[in-house]
Amino acid sequence: MKTHQLLAVDLALTVLIAALWVGAGVVAGGLVEGQRRRGMLAVSLAGAAVTATAARIVVVAVLAGRGWWFVQEKVVLALPLLLVAVLVAAPTAGPALVAAARCGAQPSPFARSALLTTGYAGAAGIASTLVVGYPARATAVASIATILAVLAVITWLVVGRRGRPAAVGALAVVCVLVAAAPVAAAASGGEETQRHGSVSVTSLRTPAGSSGAVRRFELTARQQKVVLPSGRVVRAWTFGSLPGPALTATQGDLVEVMLRNADIDAGVSLHWHGYDVPNGEDGVAGVTQDAIMPGQSFTYRFRAEDAGTYWYHSHQQSADAVRRGLFGTLVVSRAAGAGVDLTVPVHTIDGAVLVGASDRLEHTTVAAGTPVRLRLVNTDQTPHRFSLGGVAFRVVAMDGRDISAPTEVSGEVLRVPAGGRYDLAFTMPNQQVGLAVESAPSSGLALQPQGVSASGVAYADAPVFDPLGYGSPGELPTTFDRDYTLVLDRQMRFVNGGFRYAYTVNGRVFPEVPPLTVRAGDLIRITVVNRGVETHPMHPHGHHVLVLSRDGRPPTGSPLWLDTFDVQPGEVWQVALRADNPGVWMAHCHNLDHAAAGMVVHLTYEGVRSPFMVGGHTHNHPE
Ligand code: C2O
Ligand code: CU
C-alpha cells in the first residue's frame with residue numbers, strides 16, 4: 001500500500017477507535033439489570049475497539065518503516081495515550097463487560113468511565129494528527145495529555161453520580177477538539193529572523209545598463225473583459241492581454257520591464273518564476289518590495305544569461321491574481337535558431353482551459369522537416385497531463401535547464417507540475433502532430449505540414465513519463481554544509497487571523513515557519529516530506545535545486561535542475577541547493593491556494609534583511 005493510503009487508513013482507524021470505545025461506554029452505561037442483549041452489544045463494541053486498536057498499531061508500525069516523519073506524533077502521543085487508557089480500563093471493564101453479556105449486570109461507574117476515557121484517548125489521537133502533527137512539540141503533547149486527564153476525572157465524577165454517560169461522552173469529545181485550538185496556537189509561533197542583517201534586499205538589484213542590448217518592455221496591469229476565441233467572455237486581470245505579452249530575450253540582453261498598475265486595487269508585482277534574478281528584482285510583495293498599487297509603477301531589470309523557458313506572474317495576492325490572469329511567459333534564447341519555436345502556457349480561467357491563448361483547437365502549418373520546439377508551461381495550481389501525438393519527441397529541457405542526452409519519447413504522457421515547464425523538440429513529420437491536454441478536451445494545438453488536411457486532436461492516456469529515469473546520468477553531490485527537513489501537512493492553525501485547516505510546514509504556517517538560513521556558498525540538502533493527500537509543487541525562488549532522490553532512490557537519468565518539483569502524497573524528495581544568490585527568498589507550494597493557507601517558508605542568507613513587511617498596516621499579501 002502507498003504511504004498516503006496508509007495514512008488515510010490510520011486516520012480512519014483513529015476515528016473508528018474513538019467511536020467504538022465511547023460507544024461501548026455509552027451502551028454499558030445504559031444497561032438495566034437483566035438486559036443481556038444490550039450487554040452483548042457493549043461487549044461486541046469493545047471487542048471491535050480492541051481489534052481496531054491492534055490494527056492501528058500494525059499500520060503505524062508499517063508507516064514507521066516509511067519514515068519517522070509519518071508517525072512521530074502517533075508514536076509519542078496518540079498510541080501511548082490510547083494504550084495507557086486500555087491498560088487502565090481492562091482489569092475492571094473487561095470482567096464487568098463479560099458479566100453484562102452473561103446476565104445483563106450493570107458495570108461499575110469506574111468501569112464505565114474507563115471505557116469512555118479510552119474513547120477520549122482515541123479522540124485525542126484525532127487531535128494528535130489534525131492539530132499536533134510533525135514535529136510533536138513537547139508543549140502540545142503535554143497539553144493534550146493534561147486535557148485528557150482532566151476529562152477522565154470529570155467523567156468519573158459525573159458517571160459516579162449517575163449522570164448521563166452519553167451526554168458526558170459527546171461533551172468530552174467536543175472538549176478535546178475545542179481545546180485543540182489553543183494547542184494549535186501554542187504549536188505555532190516561531191520567530192522571524194529576517195529583520196536583522198546588514199545588507200538590505202533593496203541593494204541586491206541589477207544596475208541600469210550602460211552597454212549591451214537592452215530589451216525594454218512595458219506592462220500595464222488592469223481589469224479587462226476578454227473575449228476568448230470560442231466567443232466566451234471572461235472578466236480577467238491582465239498585463240494587457242491574456243496571457244500577458246510573451247516576453248523574449250536573447251542571451252546577454254539586459255531585460256528591463258516597467259510595470260504599471262492601472263486599476264488592480266489589490267496591488268500587483270512581477271515575479272520571474274524560475275528565472276534566478278537578483279533578490280531585489282524578485283517581485284515578492286512584502287519581501288523584496290511593496291505591492292504596486294493603482295497609479296504606481298516599478299521597473300525590473302535582469303541580465304538574460306540563462307537560456308530557457310520561464311514565466312512571470314504577480315506575487316501580490318498571487319493565488320487570486322494568477323488565477324485571474326496576471327501572468328505571461330518569458331523565453332530566453334541562445335540565438336535566433338532555425339525552425340519553429342512555440343511557447344504554450346496552459347491556464348484555467350473561469351473553467352475555460354486556455355492552451356496558448358485559445359480555448360479552442362488551434363491549427364498551425366509547419367513544413368515537414370522543420371525543427372520544432374514546444375515549450376509547455378503550466379500556469380495553473382495543479383498538474384496538467386499532456387499527450388503529443390503523431391511524432392516521437394525529446395524532452396530537451398525542464399524548468400529552463402537542459403536535459404543531458406535526451407532520448408526519443410513516445411507512448412508516454414507528460415505530467416507537468418504546477419508552475420513547471422517542459423521543452424519538447426522534434427522534427428516535423430509528414431503528418432499532423434497534435435498536442436492535447438487531459439483537462440481541456442476542446443482546446444489543443446494541431447501542427448500540419450502543407451497539403452495534409454487538419455483533423456481533431458484528442459488526449460490519449462498512457463503511462464506517465466518519469467524524468468528521474470530519462471537522459472544520461474551525471475555526478476550527484478554527497479556532502480552538504482547544512483541539512484534541512486520540510487514536512488508538509490495539514491493541521492488546524494490560525495492563518496491570517498482565521499482558524500482553519502491550514503497547510504503547514506513542520507507544523508507551522510507562514511510567517512511563523514522558521515526560515516532556512518544559509519551562508520553564501522553553502523551547499524544545502526533539503527528533505528521534503530509530504531504527509532498529506534494532495535500534491536505539493538514546491539518552488540524555491542532564486543535557485544534551481546538538483547534532485548538527489550525520490551523515496552530514497554536517486555535519479556537514474558540526467559541530473560535534474562528544477563525550480564518546481566512535485567512532491568506527491570506520501571513522497572519524500574531530497575534536493576540540493578547551492579546558495580549562490582544572496583537574499584531573502586520565498587520557497588513555497590505552487591498550488592498557490594496552499595501557499596495562501598500557510599505553506600510558505602523563507603530561505604534567508606545570513607547578513608541579508610528585508611525592510612518590507614507582510615500584512616499589518618501594509619497592502620502586502622504575497623500569497
Ligand atoms: Cu511562481 Cu513564488 O512563485
Ligand atoms: Cu501544496
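Predicted model: local features only at pLDDT ≥ 70, side-chain atom pairs only at ≥ 80, totals over all residues.
Local features need pLDDT of at least 70 and side-chain atom pairs count only at pLDDT 80 or more, while totals for chains, interfaces and linings use all residues. Residues are numbered from 1 along each chain as its sequence is written, chains are lettered from A and ligands numbered from 1 in the order in which they are written, and side-chain values use heavy atoms, leaving out hydrogens and water.

**View 1. Helix α3 and its kink at Ala90**. Helix α3 covers residues 72-103; helices are DSSP runs of H or I with at least four residues, and strands are runs of E with at least two, numbered from the N terminus. Its 32 residues should span 46 Å at 1.5 Å a residue, and the end C-alpha atoms are 43 Å apart, which agrees. The expected span is 1.5 Å times one less than the number of residues. The kink at Ala90 is about 55 degrees and lies shortly before Pro91; the bend is the angle between axes fitted to the seven residues ending there and the seven starting there. Gly104, which follows α3, has a positive phi near 75 degrees.

**View 2. The copper ion (ligand 2) and its protein donors**. His536 (ND1), Cys589 (SG) and His594 (ND1) lie 2.0 Å from the ion. Donors are N, O and S atoms within 2.8 Å of the metal (3.2 Å for Na, K and Ca); water is not among the atoms, so sites may look incomplete. The donor spacing along the chain is H-x52-C-x4-H. Cys589 and His594 are both buried (under 20% relative accessible area; exposed is over 50%, partly exposed in between; 1.4 Å probe, protein chains only).

View 3. Thr348 is partly exposed, with a relative accessible area of 25%. Beyond its neighbours within four places in sequence, Thr348 is in contact with Arg323, Val353, Asp380 and His384 (heavy atoms within 4.5 Å).
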